[in-house]
Number of protein chains: 2
Amino acid sequence: MLPEFETYLRSHSDLTETDMQRITGCATLRHVHRNERLLQEGQICRHKIFILKGLLRTFGTSTDGNEHILHFAPELNWTLDAESYDRQIPARFTIAAIENSDVLLWGKTDFDFLLTDIPALKALAQKLISTTIYSSRQRLLTTLSGSPQEKYEDFFRSFPDLVPRLPLHMIASYLGMSLKTLTRIRHGQLHR
Amino acid sequence: MLPEFETYLRSHSDLTETDMQRITGCATLRHVHRNERLLQEGQICRHKIFILKGLLRTFGTSTDGNEHILHFAPELNWTLDAESYDRQIPARFTIAAIENSDVLLWGKTDFDFLLTDIPALKALAQKLISTTIYSSRQRLLTTLSGSPQEKYEDFFRSFPDLVPRLPLHMIASYLGMSLKTLTRIRHGQLHR
């Protein structure tokens, strides 16, 4: 049924076939159109999201109305607004599709039950939480410390497959620089 | 023995008196002098740290040798380099004392044993991990989105008690701006 997801689970966890079937059995498959929003700032994040195909972004909006991208989630990744989901309070962030995407969704009650009942899923979830903490510290350091040039090169090194799939203004938004600065950097690279 | 820590545990968890005694029984009390380093980038983070008194900072160093502060940890907070501690690999960050401080330290083996054996401690640890994730997302958004003025005002609102305890250059480092910019902002505020 969901071969990509099952391959992912097999390579990232010690789940049995029966457990995998229980997990996929609780999921809803949904197609999301490009630019469609899966979660809107102010709404409650009711689902854990796994991306089967496509690409999502999570962004916050600053007081001047500008969009600041915190996170890109391509295929075979999870995404959600953790605080909104855990506490069932209004989300501070929006999650939207950059490409036409296929996602799996789990409601909180179902997923909480799976987590309690399947220790190997709990272990996977904890591993993912740890990875989130490590990478967000690193991202913060890069955001604070790098020159625009270093930030772009770091992004290019870290996500070579994403670069051609992203509009430039989104890369600029993720890196916290203007589109003009990003264009200048890329122009400089091409002419080196 | 450690009234501040026990008061903290009572107000943040459902630990029994016996469990609290077991937890404090595994801790080592250490005095750290101002500017002393509890963890040096490149070393392995061997301890969970709880600050009883004083103030620590966690910083990373960029390729140009500059210090970028990710986190301030005043009294009644925990700190560590999570990736280094969890995986027992060299730390990317340094933890140092800003003021003369008293801290409690737990070795990983002891703390892991306590976590397995005391569900209320595990619950507290998970709550702290969640809070870390929520606040690091918010910090990233502020870092990406705010003007220097907004960043400073946000910091002042979020940590009013810390501002008078911190040298200006550390606030500037935390906010990702130059000391000159921060001084200009503060000067502007005084003369409004």
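Predicted model: local features only at pLDDT ≥ 70, side-chain atom pairs only at ≥ 80, totals over all residues.
Colleague: What box do the C-alpha atoms of chain A fill, and how does the radius of gyration look beside that of a compact globule?

Modeller: Taken along the principal axes, the box filled by the C-alpha atoms of chain A is roughly 55 × 35 × 30 Å. A compact globule of 192 residues would have a radius of gyration near 16 Å, and the 18 Å of chain A agrees with that.

Colleague: And what share of chain A is buried?

Modeller: Of the 192 residues in chain A, 32% are buried. If you take the contacts in chain A between residues at least 6 apart in sequence, 69% of them join residues at least 24 apart.

Colleague: Let's go to the sheets; what is the strand order in the open sheet of chain A that holds β1?

Modeller: The order is β1-β8-β3-β6 in chain A, an open sheet of four strands with antiparallel pairing. Its edge strands are β1, residues 28–32, and β6, residues 77–79, each of which pairs on one side only. From one strand to the next the twist averages 30°.

Colleague: Which helix packs on that sheet?

Modeller: Helix α4 of chain A, residues 108–117, packs on the sheet and touches β3 and β8 of chain A, with its direction at about 75° to that of β8(A).

Colleague: How many bridges join β3(A) to β6(A)?

Modeller: Three bridges join strand β3 of chain A, residues 47–53, to β6(A), and the two run antiparallel. Within this pairing, Ile51(A) stands opposite Asn77(A) of β6(A).

Colleague: Switching to chain B, what is the order in the open sheet with β2?

Modeller: In chain B the order is β2-β7-β4-β5, an open sheet of four strands whose pairing is antiparallel. The edge strands here are β2, residues 37–39, and β5 of chain B, and each pairs on one side only. The twist in this sheet averages 30° from one strand to the next.

Colleague: Where do β2(B) and β7(B) meet, residue by residue?

Modeller: β2(B) and β7(B) pair in the antiparallel sense over two bridges, and the bridge partner of Leu39(B) is Ile95(B) in β7(B).

Colleague: Which helices lie on that sheet?

Modeller: One of them comes from the other chain: helix α5 of chain A, residues 119–145, lies across β4 and β5 of chain B and runs at about 125° to β5(B). Helix α7 of chain B, residues 168–175, also packs on the sheet, where it touches β4 and β5 of chain B at about 105° to the direction of β5(B).

Colleague: How many residues does each chain bring to the contact?

Modeller: Chain B gives 23 residues and chain A gives 23 residues. On the side of chain B that touches chain A, β5, α3 and α5 of chain B each supply at least two residues, and α5(B) gives the most, with 13 residues. By class, that side of chain B has eight nonpolar, eleven polar and four charged residues.

Colleague: Why do you say the copies meet through the same surface?

Modeller: Because 100% of the interface residues of chain B are also interface residues in chain A.

Colleague: Which loop holds Leu76(B)?

Modeller: Leu76(B) lies in the loop between β5 and β6 of chain B, and has a positive phi of about 65° although it is not a glycine. Leu76(B) is partly exposed, with 15 other C-beta atoms within 10 Å.

Colleague: And is Gln88(B) buried or exposed?

Modeller: Gln88(B) counts as exposed, with 11 C-beta neighbours inside 10 Å. Gln88(B) lies in the loop between α3 and β7 of chain B, with a positive phi of about 55° although it is not a glycine.

Colleague: Last topic: what is Glu67(A) in contact with, leaving aside neighbours within four places in sequence?

Modeller: Glu67(A), which is found in strand β5 of chain A, is in contact with Phe59(A), Thr61(A) and Ser173(A) once those neighbours are left aside. Glu67(A) and Gly25(A), 42 residues apart in sequence, are 36 Å apart in space from C-alpha to C-alpha.

Technical notes: Residues numbered from 1 in each chain as written. Chains lettered and ligands numbered in written order. Pairing = 2+ DSSP bridges. Axes fitted to C-alpha atoms, helices over the stretch in contact; angles between N-to-C directions. Contact = placed C-beta atoms within 7 Å. Nonpolar A, V, L, I, M, F, W, Y, C, P; charged D, E, K, R; others polar. Buried ≥ 20, exposed ≤ 12 C-beta atoms within 10 Å, placed from the backbone. Rg over C-alpha atoms; globule rule 2.2 N^0.38 Å.
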